[in-house]
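Dear colleague,

Please find the structure below. A summary of the findings follows it.

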Protein chains: 2
Amino acid sequence: VSTSTGHLLALIRSLGETTRAELASTSGLARSTVAAQVGQLLSDRLITESGTAQSTGGRPATLLRFNEDAGAVLAADLGATHSRVAVCDFGATPLVTEPLEMDIGIGPIAVLDSLSEAWDRLLDVAGKHETDVRGVGLGVPGPVEFAAGRAVHPPIMPGWDGFEIGAEMTRRFGVPALVDNDVNIMALGERSAMLDPPNDMVFVKVGTGIGSGLILGGRIHRGATGTAGDIGHIQIATAEAPCRCGNLGCLEAAAGGAALAKELTAAGLTANQSRDVVRLVRGGEHVAIHAVRRAGRLIGEALASIVNLLNPTLIVVGGDLAGAGEQLIAGIREVIYQRSTALATHGLEIRTSQLGDHAGVVGAAMMALDRILDPADVDAALERSG
Amino acid sequence: VSTSTGHLLALIRSLGETTRAELASTSGLARSTVAAQVGQLLSDRLITESGTAQSTGGRPATLLRFNEDAGAVLAADLGATHSRVAVCDFGATPLVTEPLEMDIGIGPIAVLDSLSEAWDRLLDVAGKHETDVRGVGLGVPGPVEFAAGRAVHPPIMPGWDGFEIGAEMTRRFGVPALVDNDVNIMALGERSAMLDPPNDMVFVKVGTGIGSGLILGGRIHRGATGTAGDIGHIQIATAEAPCRCGNLGCLEAAAGGAALAKELTAAGLTANQSRDVVRLVRGGEHVAIHAVRRAGRLIGEALASIVNLLNPTLIVVGGDLAGAGEQLIAGIREVIYQRSTALATHGLEIRTSQLGDHAGVVGAAMMALDRILDPADVDAALERSG
């Protein structure tokens, strides 16, 4: 039995709405211990009372819940050119968020300056102060050495290699700052919004390029050097286009948003990026629909192998091109059900992202919250606050 | 701090050779607590004293280590036709082991009867009694619902679907019995024999068919329905052979031992199975060497995608065809380094199995040991023994 107040907070956070009696029976702690720890959490405003439970007789029990207003976290999802910033509450819900057009190639200091400005502005709008900020979460479009909060040889982030992103943000804001790959935080965000989060899921981001975030056994799988989930350069049997990586037949070179935009441009349409492709599909443009359906089947080829390998419960498709909806998903489903084994697809769900553009910032906030609400850290903070 | 005697045993097991002083400093427990728990473990023969440590002054400290002779576990690695049975000590080392030729299609009762007979015979040879047996570990060539110890729709195990293998073995031997997919236990066995076990590794078994066992974040990844690691039906860009699963271009249909044996037979050589192919390669038969090298490159194509996706530290190639050694590995390495991204292959090691034929039984024994030496179970057993 874990007996600390921090563990009790984690239990309350996972239960949603609960009572002292339920906490005692679920945790195995004595009612007197639960009462004392609940008192401490209430006085530190980490939980709140929210009415009374329907009673089966006797005095109605007071309902307790995690206090999502206990503080704020700063979140950002950085892309090569399109980013999103947000101020979130302790439930990882964005209080206020906005897109930010910025070239990540201007380097880490200039990017973090812009982010700081944007966060200051959003804190104002949300009616929060810097003193409310307890953590920072950031996603970046490249591989990250997670424990060190450092980008490692990121191909599309010139000037960032080895830069201590987490340490620099902690220096600026005086709170824990976590950094991970953008697709990992999108996977985390999407999962955190589910009522019944699956243990094994694959989040596929189809934007300019194609990447994925893996949640396996309930945890993000990052791999030995933080590059896990890289599906853009998987070789596709039916594709032969040359890729910027130097190989032929990479998934990204055939089915990424950049490749599709180029293809539609060659066909005489106006398409510079994924969003233009989606606009054309929604407008009923036959050539664009045809291209996106074919891209879906190619992505399905890569995912068919991944379904056999990882046997996930859920595949979520996000990123700009997911805006094409069923036109993209239909081909993915078709090939997975045709190519993966029946055992692996039994019970598999394949759908588009529920959070859309917000998956990244929600995941970035959740990553920061999971750290600052870690039981050991909560216990240490409670001790300091007396 | 975990304070139970079972946790202290787990610590001693992980440290190898240790002293009471080191245990106190590593665990954070009081020296008096360590002394009492060590006394209990010594009297229950779960640990032994093994000499004295070199001292820097004062009384030399007594060395303590986990007692690998504390009991025996029964282990078996079942294949479609070739199996291996063993009696192992508490270090998962086979005390005695032998191959067993048996068609798994005779059904679970007949197979478990044969296993029981073989284990009885091996216990005699090892000078052990049934009362020494504390656990049973079994690998089977199909998907397993691990928690239930049950095969689930196994394609090549007629009559086994839904059979409660673990429960039946527990009924026969009166001890905990664990069941998993054969490639998962091979991965576990190979990993348990390493001095510095990696967190993320892929074990590829190349036999009649092709499968893999994934260890991710230090744990076996089984997936939603226990079929994770199934790489035999990944579609290979450069292959077109029809597969028994009904698709074209599956890895197994082009590079599995059965496919190679058939190909060599068609070329006028004598080859019924993987081992015959290896024999021909070792004999310098040009056609066989050519076929195995090509098979290596095809396996490399599948693994190149998996290296991008999972970013492992280590790939171990086992199974009968691994007996071809460098002739098989060379092609695998060549394609992985050519097709996977530089970031993912940085620091990646690719090699053949160190345990060879024994990886399965060592892993099966380790799986049983991890269960019976689980701290909570050890504490419960110590309480019962007084």
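**Findings**

Of the 386 residues of chain A, 53% count as buried, that is, under 20% relative accessible area, where over 50% is exposed and values in between are partly exposed (1.4 Å probe, protein chains only). This is a predicted model: local features need pLDDT of at least 70, side-chain atom pairs count only at pLDDT 80 or more, and totals for chains, interfaces and linings use all residues. Residues are numbered from 1 along each chain as its sequence is written, chains are lettered from A and ligands numbered from 1 in the order in which they are written, and side-chain values use heavy atoms, with hydrogens and water left out.

Chain A contains 14 helices and 15 strands (DSSP runs numbered from the N terminus: H or I of at least four residues for helices, E of at least two for strands). Its radius of gyration, taken over C-alpha atoms, is 23 Å, close to the 21 Å from the globule rule for 386 residues, so chain A is as compact as a globular protein of that length. The rule is 2.2 Å times the number of residues to the power 0.38. The C-alpha trace of chain A spans about 70 × 50 × 40 Å along its principal axes.

Chain A is superposed on chain B by a rotation of 180° with 0.1 Å of shift along the axis (RMSD 0.1 Å), by least squares on the C-alpha atoms of residues with pLDDT of at least 70 in both. That is the relation of a two-fold axis. In chain A, the C-alpha of Ala237(A) is nearest the axis, 1.8 Å from it.
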